[in-house]
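User: Please walk me through the packing in this protein. Keep it brisk.

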Amino acid sequence: MSKPFQGLTFCCTAIPIKLREDISQKLTALGGIHYSDLMSDVNYLIVGDRKTEKYIYCVQNRFDVKFLKPDAILKIYDHWINGEDTTHLLDIENYLLPIFDNLSICLSRVESFEHLLKKEFRQEFSGIDFTTERMIQLISDNGGKATDSLTMSNSCIITTEKTGKRYTKAVEWGIPVIHPVWIIDSVLRLAALHFRDYTLDSRLNGCNVWDELFKYKTKNDLVDDKIDEKSTTVDTSNKSLKKDPKIWNEIMNKTNKTRSKPAKDTTWDEVMEEEEHEPLDIEINDLPNKHTATKKSTLFEDLDFYVVGFNTHETTVMNQIITFHSGTINEDSSNQTITHVVLPVKIGSQSSTLLKNLPLKSRINNGEIKIVTEWFIERSIYYNTMVMDRWCQPLKGLKPCTKKFKVCITGFTGIELLHLEKLINLLNFEFCPSLTSSRDLLIININLFKSTLLKNSPKLYQYKAIDFVNCPVYQSGNSSVSLISSKNKINAAKNWSIPIVSIAYIWEILERSTPSTIHNLVLPDICDLSWCLFAPNNTAKPKTLLDYIKNLSNDSFETPKKDDKVKLPSPRKGKQKRKYGRLAGRDSPEPISKKLQKLNDNEKSSEQENSDNDVTNIDEDLTQVGYQDTDSLKNNEQLIRKLTGSK
């Protein structure tokens, strides 16, 4: 039985870990390739939620990517494994994600916007009167739900006016207010575009590749027409409709039209283990660059690369991507024209051993040849300029940790998010996409709080590897979704006594583990203010007096054994207290209640002084390094009230 996904590549976004692993296994069985990261040769994105960077990037910039629901792969696999080998059941094009799937759209006041339809990429809809009824039809025919009343469950509200009760309530509830042209552009794009690009004050354009998209669609339409001409079972009544773009039914048909398999773009594959893939039977002419619609890049012009340490599949991909960006591949390690040696980032501490076997040692020591990893290629392509920072260098301190700590991150975006996730896994930590009380560490992007941190904790920005620490943020400002999400995670981490650090902590681990004499990963002191934002004094908060005394004595406190009887004088045999005169120049002894009150006041004043250095939560007065137990504070207050006799 043939494999229906042979030659196709897939990527997931916002899919739970267990389901993603299940999908990955089924994709491999069906002949497809699953990438954990969004590579340039990905054909299909499996979407669990549209509010992810992968989805937003694809709808804006990847005209060759199509979108699937997670259950599509499971259904096709079930049909295939049951032997239902029919074209209709196994054709992935029949399982594409409907444009407005799972979206509840409220239609409000809509004035004519015919002038916006005159733009070249919207010519297909020019001359059509978009009444409310037609917009409702367009939404419902593409998997969405249209309503005329607004509730908090609505995904967005469509209007051209900033007036009315529905508009006011939408702003109050935080529901996106979107221009109706979003519906048209989403139908043209065959995917729901990002709300942010279609707010009433925006530029009303959420796609950057309209020209490439239409060329791509036209090419596939021609292929479909040829197939239709050869078929004897095709209903030719639809062909006449396709030729007239002004007919409404044709527009509706095109949104559900089946097209041929997308042409691949240039490839950048993630690093993969040799044993995880079957031997590849690939010809150079079959590589994606053959179909690339974009102009050849000159990013690596005049650079000569020597690629070493990768397996056959990875080397093929690396050569292809470097060549596409005008770089030169050199297979002779002794060639004097080599400018860069590319090593796999995963080999870590073994990179020095690998370089010793190359006849390039003198030129490397002189600085004539730069040693980089594949992350140099990825970062340069992402930023569209040559990037040579610490991310691009071989990580010689990269060693697997003996304990699998659970690490969560927040505030990162772009290529840094991709590489940080990989780095955490390479250190043998467990990367956790969500924060729960069972996590061991939270890493935050300190640039989210830069204005506050520079004032309260400047040491965080004085770390030696500042180019590693200085990560971009997705969206700046107090209303940033990333900022709000990070604040919520920080507050939760404090409540759960989870240490909070900057990314500098990861680099410090790599630095201290670099010497060849060190065989295990070295974990620095987490309380160092060069990277620490919050660290609990103990892994477990004291809940009782006994626990508190144990913590004060570094866990050396022991409860008395049964044989160790504490002898106290009997009350019946008690002698009358002797009275002593007061020493001259001494005040009368202070009552214990006053001492406790003073101690409590001192702690509060100390916390107030340290609150200015709290960089993890501006809204709460917590110390930067320490913990706060509301239960013990409440108990202290009750004890003081009892001792002083106050209520």
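This is a predicted model: local features need pLDDT of at least 70, side-chain atom pairs count only at pLDDT 80 or more; totals for chains, interfaces and linings use all residues.

User: Which residues touch the most other members of the largest nonpolar core?
Analyst: This core has 52 residues. The residues with the most contacts to other members are L423, I443 and I503.

User: Which element gives the most residues to this core?
Analyst: Elements that give two or more residues include α15 (414-426), α18 (481-495) and α19 (504-512). The top contributor gives six residues. That element is α19.

User: Where does this core lie relative to domain 3 and domain 4?
Analyst: Domain 3 spans 304-392 and domain 4 spans 406-554. Both give residues to the core, so the core lies between them.

User: What does I503 touch, leaving out residues up to four places away in sequence?
Analyst: Neighbours up to four places away in sequence are not counted. The contacts of I503 are then W391, F412, L420, I443, I444, F468, V469 and C471.

User: How far apart are the end C-alpha atoms of helix α1, and what span should its residues give?
Analyst: Helix α1 has 13 residues, 17-29. At 1.5 Å a residue, they should span 18 Å. The end C-alpha atoms agree with that, at 19 Å apart.

User: Why are the buried residues of α1 on the same side?
Analyst: The buried residues are I23, K26 and L27. They sit on the same side of α1 because they cover an arc of only 105° around the axis.

User: Which exposed residues does the face of α1 turned away from its buried side carry?
Analyst: The buried residues pack against β1, β2, β3 and α3. The face turned away from the buried side carries K18 and Q25.

Notes. Residues are numbered from 1 along each chain as its sequence is written. Side-chain values use heavy atoms; hydrogens and water are left out. A nonpolar core is a set of buried Ala, Val, Leu, Ile, Met, Phe, Trp, Tyr and Cys residues joined through side-chain atoms within 4.5 Å. Buried means under 20% relative accessible area, exposed over 50%, partly exposed in between (1.4 Å probe, protein chains only). Helices (H or I, at least four residues) and strands (E, at least two) are DSSP runs, numbered from the N terminus. Domain bounds come from an automatic or database domain assignment. Contact means heavy atoms within 4.5 Å. The expected span of a helix is 1.5 Å times one less than its number of residues. The arc is that of the directions from the helix axis to the C-beta atoms.
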